[in-house]
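Here is a report on a two-chain model. Look at the structure first, then read on.

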Amino acid sequence: MKQDITLKINGESYEVRVKPSETLLEVLRDKLGLTGTKEGCDTGKCGACTVLIEGKAVRSCLTLAIAARDKEITTIEGLAHGKELHPIQQAFVEHGALQCGFCTPGMIMISKAFLEDNPDPTEKEIREALVGNICRCTGYVKIVEAIQASAKEMRRAN
Amino acid sequence: MRDFEYFEPASVKEAISLLAKYKKEAKILAGGTDLAVNLKHDVIRPNYIINIGAIPDLNHIDFDHGKGLRIGALTTMRALIESTELRKTCPVIPQAVSQLGNPAIRNVATLGGNLCNASPAADSAPVLIGLSAKAKIVGPDGVRVIPLEDFFSGPHSNVLKVGEILTEIQVPLPPANTKGVYLKYGGRGVADLAIVGVAIVANIEAKNKVCNDIKIVLGSVAPTPMRAKKAEESIKGQVITKALIDESAQIAANEARPITDNRSSAGYRKTLVNVYVKRALTELIA
């Protein structure tokens, strides 16, 4: 039985009709056109589907859309202000931290949540934070460098 | 996913009555990190999903200094890891669950879910059994509290009857000089399922290394988390020496009953039990 729910995404309210069995990932991509969040493994292991719910990183492929209603959801689309990239996005660009880009939205979302909890991390802590996000292209070195740089920039800005 | 009807009960009572009504056609949703995967893979085909995530009073870490610890079934792994009180009074619990999955999973995965899913590899089970934890279960016939060790009945199978839900894990306050550790081997890193898990909780005299009490609990080497009781007996009351560690580790490896599956062979699992029991005991007397 479909239900009309409100999803609060990146500060906007979206009214959408969903079946209880639809995941947040499916609704974001297929109903709302927010295709920045990617489907990788669809079983919570690869991290490509990572979004934030109330600031905490979650797997949108394992979240029922109906269970996420009325909560503050942040997707990759919510990070930039117009043409001004978020410092983490900017750092990924400057440090060449992406090749195909498929893992990138998930990497950036997990990094955003991580840096909010740990604004001055060690490299070991960064790598531990990324353990649930798989990249098949880069070998992770540039990703870690980009996160270190954006952490520095975000500390400076504060 | 197959379609289902969806409920969000506001109380334990409401959840129980839904479960009692729909029986085997209903499944509980908490964090969803195991349930959603099983739904996608058609491992289970429930017609009713009961989301208990909003029920108040199931998300707590309470310290009852006389009696011990009470952890609500909806407490997330992250909450267990971040609790400064827990890190002080019972650090082996956060130490164990910090090895479960990955940070995003730990944000939503619940203690109750990990236990009720009852994987033989469940990362929260061995240390809690080692701490002599009890499971509080509420159902249509009332409340019962059973040793957590008796909660598991087989791979992905627990003793909850129709209509019952796990509401709380109760951990008696460990006596002074109790230390514990959970070691897990997953193959590549902590984001893997345990191929072998070893939890040891022991009461060891600091001065002369006499072991007053010990529990050795193994994961992934039997249909359920299991106690290596013969290994425990070989250590209890003894001074822990390197020779005793070597001997007891081998006894534990012999007691383990692993299978060969796509992640590892039975023989390798037994070898890992030996290695990890050794490492855990060595760490506890350091």
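In chain A, α2(A) and α5(A) are oblique to each other. That word covers what is left over when angles under 35 degrees count as roughly parallel, over 145 as roughly antiparallel and 65 to 115 as roughly perpendicular.

This is a predicted model: local features need pLDDT of at least 70, side-chain atom pairs count only at pLDDT 80 or more, and totals for chains, interfaces and linings use all residues. Residues are numbered from 1 along each chain as its sequence is written, while chains are lettered from A and ligands numbered from 1 in the order in which they are written.

## Two helix pairs

Helices (H or I, at least four residues) and strands (E, at least two) are DSSP runs, numbered from the N terminus. Axes are lines fitted to C-alpha atoms, for helices over the stretch in contact, and angles run from 0 to 180 degrees between N-to-C directions. Two helix pairs can be set side by side.

| Helix pair | Residues | Angle | Axis distance |
|---|---|---|---|
| α2(A) and α5(A) | 87–94 and 141–157 | about 140 degrees | 8 Å |
| α10(B) and α11(B) | 242–255 and 266–285 | about 145 degrees | 8 Å |

The crossing of α2(A) and α5(A) is right-handed. The crossing of α10(B) and α11(B) is right-handed too. A crossing is left-handed if the near helix is turned anticlockwise from the far one by less than a right angle, and right-handed if clockwise.

Which residues of α2(A) meet α5(A)? They are Pro87(A), Ile88(A), Ala91(A) and Phe92(A). Their partners in α5(A) include Ala146(A), Ala149(A) and Met154(A). Contact here means that the C-beta atoms of two residues, placed from the backbone, lie within 7 Å. The residues of this α2(A)–α5(A) contact divide into 7 nonpolar, 1 polar and 1 charged. Ala, Val, Leu, Ile, Met, Phe, Trp, Tyr, Cys and Pro count as nonpolar, Asp, Glu, Lys and Arg as charged, and the others, Gly among them, as polar.

In chain B, the residues of α10(B) that meet α11(B) include Ile245(B), Ala249(B) and Ala253(B). Among those they meet in α11(B) are Val273(B), Val277(B) and Leu281(B). The α10(B)–α11(B) contact has 7 nonpolar, 4 polar and 3 charged residues.

## The sheet of chain A

Chain A has 5 helices and 5 strands. From the N terminus on, its elements run β-β-α-β-β-β-α-α-α-α. The strands form an open sheet in the order β2-β1-β5-β3-β4, with mixed pairing. β2 (12–18) and β4 (56–59) of chain A stand at the edges, each with a single partner strand, so one side of each is left without a neighbour in the sheet. The twist averages 40 degrees from one strand to the next. Two strands pair if DSSP finds at least two bridges between them.

Start with β1 (residues 3–9) of chain A. β1(A) pairs with β2(A) in the antiparallel sense over 7 bridges. Leu7(A) has Tyr14(A) in β2(A) as its bridge partner. The hairpin of β1(A) and β2(A) has 2 residues between the strands, and Asn10(A) takes a positive phi near 50 degrees. β1(A) also runs parallel to β5(A), joined by 2 bridges. There, Lys8(A) stands opposite Glu72(A).

Strand β3 (residues 50–53) and strand β5 (residues 72–74) of chain A run antiparallel, joined by 2 bridges. Ile53(A) has Ile73(A) as its partner. Helix α3 (residues 104–117) of chain A lies across β3 and β4, at about 35 degrees to β3(A).

## The sheet of chain B

An open sheet of 5 strands in chain B has the order β4-β5-β10-β6-β7, with antiparallel pairing. At its edges stand β4 (61–64) and β7 (142–147), each with a single partner strand, so one side of each has no neighbour in the sheet. Neighbouring strands are turned by 20 degrees against each other on average, direction ignored. β4(B) and β5(B) (residues 68–72) pair over 4 bridges. Phe63(B) stands opposite Leu69(B) in β5(B). Helix α1 (residues 12–22) of chain B lies across β6 and β10, at about 125 degrees to β10(B).

## Where the chains meet

22 residues of chain A are in contact with 24 residues of chain B. On the chain A side, the largest share, 4 residues, comes from β4(A). That side divides into 11 nonpolar, 7 polar and 4 charged residues.
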